[in-house]
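Here are my notes for a first look at this model. Keep the view open as you read, and go through the points in order.

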Amino acid sequence: MFTNNQRQEERTGRYGTPRLQYLQELVSQFQTAVDEASKEKIVANLANFAYDPYNYPFLHQLNVLELFLDCITEPNEKLVEFGIGGICNACANPANAAIVTQCSGIPLIIQCLSSPVRNTVNNALGTLYYLCNKTNKEEILKPEVVGVIRRYAAAETVSVSFSNLAKAFLDKHAVENK
C-alpha cells in the first residue's frame, strides 16, 4: 500500500522515527556494516521501501538508488538480488529510471540477466522493461541482449515468470519474438 503524509503520521505516531531519519539510519548501518549478512538484511529492507512513491524524495536525498547500483556489482549474490530488486521497485517512476540510466546502470542491469538467481533475473527483466525508451533503446536492444531475452521468452517450461516478463518486454518494445 502506498503511503501519504497522513498515513505515515498515523503509523509512526507522535514519538515515532520520521521516515527520512529511519532510512538515513539504514544507509548509515549499511555503510558501517562489516558482515555480509547484515548488509544483505539492510539492502533487502531498503528495497522494500523503493516501491512506494512516498519514499522517492528520501531515496534520492540519500542516494539509495546509487547504493543499489553498487550492490549489483558485488560478488555476493544476495546483495545483487536485493539491489536489483530495489532498482526494479523504483524504476516504474521516470525520475528514478533517469537516475539509474545517468549512473550508467544499464550495463550492470544487463549483466544481471546471466545471474543464477531467479529473482535477480526476474528483476533485471522488469527493470529493463521500465528503463527502455527512445533515448536508451539502442543500448538495451543490442542483439546479444535481445537474444537472451528471446531465450527467456521461449523458456516457458523452465520458468513461466521469465517467459512472461521476457514476452512482455519484447511486445512493449516491438521486438519480434523469433
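This is a predicted model: local features need pLDDT of at least 70, side-chain atom pairs count only at pLDDT 80 or more; totals for chains, interfaces and linings use all residues.

**Notes on the model**

1. Residues are numbered from 1 along each chain as its sequence is written, and side-chain values use heavy atoms, with hydrogens and water left out.

2. How much of the chain is buried? Of the 178 residues, 47% are buried. Here buried means under 20% relative accessible area, exposed means over 50%, and partly exposed is in between (1.4 Å probe, protein chains only).

3. On cysteines, the structure holds 0 disulfides, a disulfide being a pair of cysteine sulfur atoms within 2.5 Å. C71 counts as buried because its relative accessibility is 1%. C132 is buried too, with a relative accessible area of 5%.

4. Two backbone spots deserve a look. Most residues other than glycine have a negative phi. N63, however, has a positive phi, near 55°, and sits in the loop between α4 (56-61) and α5. With 41% relative accessibility, N63 counts as partly exposed. S104 also has a positive phi, near 60°; look for S104 in the loop between α7 (94-102) and α8 (105-112).

5. Which residues form the negative surface patch? They are D35, E36, D70 and E74, and D70 belongs to helix α5 (residues 64-71). Patches take residues with over 30% relative accessible area and no salt bridge; like charges are joined within 9 Å, and nonpolar side chains (Val, Leu, Ile, Met, Phe, Trp, Tyr) within 5 Å. A salt bridge is a side-chain nitrogen of Lys or Arg within 4 Å of a carboxyl oxygen of Asp or Glu. Asp and Glu count as negative.

6. Finally, find R150 in helix α11 (residues 143-154). R150 counts as partly exposed, at 25% relative accessibility. How far is R150 from A166 in space? The C-alpha to C-alpha distance is 6.8 Å, with the two residues 16 apart in sequence.

Technical notes: Accessible areas come from the Shrake-Rupley method with a 1.4 Å probe; for residues, only the protein chains shown count as cover. The place of a charge is taken as NZ of Lys, CZ of Arg, CG of Asp or CD of Glu. Helices (H or I, at least four residues) and strands (E, at least two) are DSSP runs, numbered from the N terminus.
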